[in-house]
Amino acid sequence: MTSSMLISNLTQEWVESLLKWHLDLLSIPATVITLATLLADPVLLTCIFRSRALRQETRYLLMANTLTADMLFLVLNLAMVICNATRTQMSWLVCQLITAVTVTTYSCAILTITLMVVDTYAAVRWPLRYHDLLPPARTHRILLGVWVLVALYPLSLSIMLLVERKDPHERVAVCLVLISLGFIQDKKIHWIYIYFIVTAVICAVLIFVCYIQLYMVTRTQGIWQSHFSRARVTLLAHGVLLLLYFAPGFVFIMELYLFHSKDMSYDLYVWVNTVNMCVFVLLPRALAPYLYGLRYREISDTLMQWLHQHRRLS
């Protein structure tokens, strides 16, 4: 049986499983969470780019990049969720392009969040040299490099899959990143594991080391003495958010690893992937505008000033 027929049969079975367990209903909370997030993120981006002072701060540029990557990811993820729930067929070419951009935006958000932690460490560790180390121009080049780096492998992989496909305009019943990457030949699938696992491990180690170093540098300053100190609450909030960002990626890696396994129930595959797409990947992006955005006094003050000016003009 050819790869095209296997994909066609698998997507049909996937649709049947979705209907059997009524998992298409998860598209409702996914739509609500996504739209709520897409309302909050542009407000924060407007505050950052309207304020010259915020545009000169590296941490706010990194935050803006994270929010931009999140918004692109949310739009594409919602498009796939709605198309799969309504059983709207999509061409293999469009599906591969969406897959490549989805992986790119997800990876970009993870790398940028890691850079935000590194930036915080640099600001605390070298306060006098910090602005010389990371001026806005250098931050712009770093962010451009991040986008190029995370886009190279997914785009090249999608192009390779399109070249191998005899009819790239053939329609599929379900468009999923798992299915798109799961049907790559065995030798190539190992590189996908390496790409995801190495990226996740490097980011996790960097975050862990930076937080440990931050604690070592600031432990004598008395900011950790109270159980409900601002430093402890901030660390806890950011730790939970980082866990929520990384967890869906690790779940996806396990899904990809077990994709061809005969030991797992097929319905379980559908359950895990659908819940991951409709709930888990959305939670950190829904919380990020509040934990990484409105908790910063500069952003909240800029937002209040903007609202007051808007009321006066009205």
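## A nonpolar surface patch

Ile197, Val201, Val205, Phe208, Val209, Ile212, Tyr215 and Met216 make up a nonpolar patch on the surface. The model is a predicted one.

An α-helix has 3.6 residues a turn, so residues three or four places apart point the same way.

## Transmembrane regions

The unreviewed UniProt entry lists "transmembrane region" at residues 21–40, 60–85, 97–122, 142–163, 191–214, 235–258 and 270–292.

Compare two of these spans with the model. Residues 142–163 are 100% helix and 0% strand. Residues 21–40 are 70% helix and 0% strand. The end C-alpha atoms are 32 Å apart in residues 21–40, and 32 Å apart in residues 142–163.

## A buried threonine

Threonine 34 belongs to helix α2, residues 27–50. Is threonine 34 buried or exposed? Its relative accessibility is 1%, so it counts as buried. Setting aside residues up to four places away in sequence, threonine 34 touches Leu74, Leu78 and Leu282.

## Helix α4

Helix α4 runs over residues 58–85. Its 28 residues, at 1.5 Å a residue, should span 40 Å. The end C-alpha atoms are 40 Å apart, so model and expectation agree.

Helix α4 is mostly covered, with 21 of its 28 residues buried. Arginine 87 follows α4 and has a positive phi, near 60°.

Notes: Residues are numbered from 1 along each chain as its sequence is written. This is a predicted model: local features need pLDDT of at least 70, side-chain atom pairs count only at pLDDT 80 or more; totals for chains, interfaces and linings use all residues. Side-chain values use heavy atoms; hydrogens and water are left out. UniProt positions are given in the numbering used here, feature names are shortened, and annotations may be inferred rather than shown by experiment. Helices (H or I, at least four residues) and strands (E, at least two) are DSSP runs, numbered from the N terminus. Buried means under 20% relative accessible area, exposed over 50%, partly exposed in between (1.4 Å probe, protein chains only). Contact means heavy atoms within 4.5 Å. Patches are made of residues with over 30% relative accessible area and no salt bridge: like charges are joined within 9 Å, nonpolar side chains (Val, Leu, Ile, Met, Phe, Trp, Tyr) within 5 Å. Accessible areas come from the Shrake-Rupley method with a 1.4 Å probe; for residues, only the protein chains shown count as cover. A salt bridge is a side-chain nitrogen of Lys or Arg within 4 Å of a carboxyl oxygen of Asp or Glu. The expected span of a helix is 1.5 Å times one less than its number of residues.
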